[in-house]
Amino acid sequence: MKLGELAEALGGREVEGDGAFDVRGVGTLEAGGVADLGFVRGEKFVAPLRDSAIGAVIAPEGVDVGPRPVIRSAHPSLDFARATGLLHPATRPAAGIHPRAFVDPAAEVDPTASVGPLASVGAGSRIGAGTIVHANASVGDDVVIGRDCVLHLGCCVREGTRIGDRVILQPGSVIGGDGFGYEFDEQGRHAKVPQVGNVVIGDDVEVGANATIDRARLGSTRIGRGTKIDNLVMIAHNVEVGEHAVFISQVGIAGSTRIGDRVFFMAQAGAAGHVRIGDGAFVGARGGVIHDVAPGERVWGFPALPERTWHRSQAIFGKLTELVRRIRRLEKKVGGGDA
Amino acid sequence: MKLGELAEALGGREVEGDGAFDVRGVGTLEAGGVADLGFVRGEKFVAPLRDSAIGAVIAPEGVDVGPRPVIRSAHPSLDFARATGLLHPATRPAAGIHPRAFVDPAAEVDPTASVGPLASVGAGSRIGAGTIVHANASVGDDVVIGRDCVLHLGCCVREGTRIGDRVILQPGSVIGGDGFGYEFDEQGRHAKVPQVGNVVIGDDVEVGANATIDRARLGSTRIGRGTKIDNLVMIAHNVEVGEHAVFISQVGIAGSTRIGDRVFFMAQAGAAGHVRIGDGAFVGARGGVIHDVAPGERVWGFPALPERTWHRSQAIFGKLTELVRRIRRLEKKVGGGDA
Amino acid sequence: MKLGELAEALGGREVEGDGAFDVRGVGTLEAGGVADLGFVRGEKFVAPLRDSAIGAVIAPEGVDVGPRPVIRSAHPSLDFARATGLLHPATRPAAGIHPRAFVDPAAEVDPTASVGPLASVGAGSRIGAGTIVHANASVGDDVVIGRDCVLHLGCCVREGTRIGDRVILQPGSVIGGDGFGYEFDEQGRHAKVPQVGNVVIGDDVEVGANATIDRARLGSTRIGRGTKIDNLVMIAHNVEVGEHAVFISQVGIAGSTRIGDRVFFMAQAGAAGHVRIGDGAFVGARGGVIHDVAPGERVWGFPALPERTWHRSQAIFGKLTELVRRIRRLEKKVGGGDA
């Protein structure tokens, strides 16, 4: 692709230097080659650029990129992401149902969708236009999947799930497993509470590899539009997540918790059941929320504390031996003693 | 289903009001409709009930439910769970081996069991009466599975596993992966220790989506009857778990640890290897057990502390800056100083 | 197998007692039988040995094992692991592609490899000599897998992955899922950053059940030779792991972090993105690394502290109420007070 065409495709960006430069692919400054396109965020990458073999770059206005051709951009990393998609378009399988797939006769697969070998689609399910169901993925009965979704290898979508458009399920992710619900019976044993609800996933959601989202006991577990869920995250039954929220890897959210729009959970964090986490709240890595969190609030630690409190307490935690020494010194001076 | 019939099916409960009321399904007080059955645990739900459209309820004796018909119950949530199962019976696939399944000629599948499309059952394995193996699930060689089990989409049961009756494996769960065992060889590299044991799972166990239970090095990893394991839990090789224990999501148990009956692990907790955790013990969320825990003991934190100690220390942790201020003030008064 | 033959196969170890003793299998001292082989590490197992039914043992020189025959070894646990492999050789399926597997016509499977029922292998992929792809496993397009690997039930290997020799993927493990990368677009929504790199796994690596290793944004996520990864571990995009590193269960490593040779992560630990962890470093259970760790350094806690600091602070944490009491006593003496 010519650099000039690429600049055009990115929304009419300005090119300095040879617009006819032939871009082969994208690369990093360290490993990219003379036919690759890289990017820099600002001035501090001028020195690395000098040592780089990279053939062309996307860079903010005014940043010196040396003799190479450049696409000027106010959002170089965003434009680079888009350029990556244009230069390395995902290959897609042929439309249609692979002869080695199993699609129940009572399912509807759009003729532009692809169902791969050894994938299964249950009775009453509908697969939308352009959606790809990869090999060994399984879709249960009465599932509705929108258009232009990708279900990667081996993911599982249980019966009754509703999935919007452009949703991506990474390999091994599980949508609609039973919620974890029991009642003690008269003998004090756990009697399973039937989980007769479902999962509803909005448009543009991505679910990471081996992540799990459980179906509701009654009603629906809901994941709002644009929310991104990383690998090995657990979302329990009846959780409701707003739009454009982010869950980094290995986060766990317990049942019936409500999470607002644009909430951000860092890795290995969690939330107890039945709490509310307001729009734009932030939970630091390993944070464990057990009470409601106000919109925009930032918390860390378990049980979660306000960000500044946690940082300060954590800093003192590392110096507790010093604190003990100071107390001992005081006790000696005033004649106190341990007892 | 008539309300009166339902009350009868629940064990002969008393109905107040119209026993001929036709119940369509179950619902919550918030979202349920005029043909739905809900439940309340006690007096504090009287106000929400007043605002609810719900058609009928299960409620304890004496609680005012308004004009709607009611099933009186000493265990309303348990009876509601049972009513859910009666009103929304799980659909089950036809008995038999789906033509697109693969069942080894040397396996035995009870004629009342169902093996779904693209599921596999290995040589020497036996699938009991009424058991359902859903699409894309895989059962290795020489596995024995009891009656009325459900193996959901894409779960994996490796060779030699023994599974009791009424066991449920949620999608993507893995039973019988190799334990994580190595010995350093003469060159200081990790030599794999063959894991030649198996996994034995008792009756009425449930294993969550993408949870993993490893096979033993020698002998068996054992999960006792009635134990419930949530999503993404890890049970390592040679662990022995008693009956009716509970493991909430993302718990990890290291090798050879013994866990008694009715032990409860909250979410994201863990236990080191080779420890014993007594009957009825409780490990709080994120608790990390590294020493034995006595029967009935309650612990939190990592390394785990007695519940009360942890709660108090944790409360002080959030106020460590105040503690430092108090020490500084004391030092000023008595002429101490930091050095 | 005769005990003498076994001793020979272990590298010519010395036998005391009946070399013609017929060993049936391996066992523990507690559960092993009269035809089984056990092992002891040293003198402290002499008493348990006395009570054991075990027929023969591997033991260090000079340890009294009673009347039973013994293989003398300087590395009894290593030799026992090897003996286990010799006495319980893993059964392997017949070579060849199972008629119910799907192998793309444009894939190459070595004639000595085995592809099981309902497993899939994509176009352009190559499966090396002796490698086993078990039932319901899926290999995407353009994957290269070396010789003598084992891909267990239901594991998923996405397109472009490179896997060395003797690599073991436990059931449900996912290699090559998309890295978790987004850029905010002009509307403040998350735009997916295409993940066009791959995963490269060296020889003798093992990946645990339901563990996930993400593909790189650009270039490769790399797992060095001999590294062992336990169940439910998450390795993010562009991480580079050295040789012979160990990741115990439920560890999470964020993007672009570099981990040296022989680094050891205990269970449920983690590392932030873009940090460097030197050769031979050790991260304790639940440790959370957010800054670089020097070679050989040992850290615990989150944020990670030097091992000794953490242990001391953690010990004081459990006694914070006592610390508060001591401060209060001091305040009373010197007339301080809380305010």
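A residue is called buried under 20% relative accessible area, exposed over 50% and partly exposed in between, with a 1.4 Å probe and protein chains only. The structure described here is a predicted model, in which local features need pLDDT of at least 70, side-chain atom pairs count only at pLDDT 80 or more, and totals for chains, interfaces and linings use all residues. Residues are numbered from 1 along each chain as its sequence is written, chains are lettered from A and ligands numbered from 1 in the order in which they are written, and side-chain values use heavy atoms, with hydrogens and water left out.

Confidence is reported by the predictor itself. The pLDDT score gives its confidence in each residue, from 0 to 100. Chain A has a mean pLDDT of 96, and 99% of its residues reach 70 or more. For the complex, the ipTM is 0.96 and the pTM is 0.97.

Chain A is assigned two domains: domain 1 (3-87) and domain 2 (96-310). Such bounds come from an automatic or database domain assignment. The centres of the two domains, taken over C-alpha atoms, are 37 Å apart.

Helices (H or I, at least four residues) and strands (E, at least two) are DSSP runs, numbered from the N terminus. Helix α5 of chain B holds 15 residues, 320-334. Its buried residues are B:L320, B:L323, B:V324, B:R326, B:I327, B:L330 and B:E331. They lie on the same side of α5(B), because they cover an arc of only 160° around the axis. Their cover includes α4 (307-317) and α5 (320-334) of chain A, α4 (307-317) of chain B and α5 (320-334) of chain C. B:G335 follows α5(B) and has a positive phi, near 75°.

A:H244 sits in the loop between β28 (240-241) and β29 (246-247) of chain A. A:H244 is buried, at a relative accessible area of 11%. Contact means heavy atoms within 4.5 Å. Neighbours within four places in sequence aside, A:H244 is in contact with A:R225, A:G226, A:T227, A:R262, C:R189 and C:H190.

How values were computed:
pLDDT is the predictor's confidence in each residue, from 0 to 100. The expected span of a helix is 1.5 Å times one less than its number of residues. The arc is that of the directions from the helix axis to the C-beta atoms.
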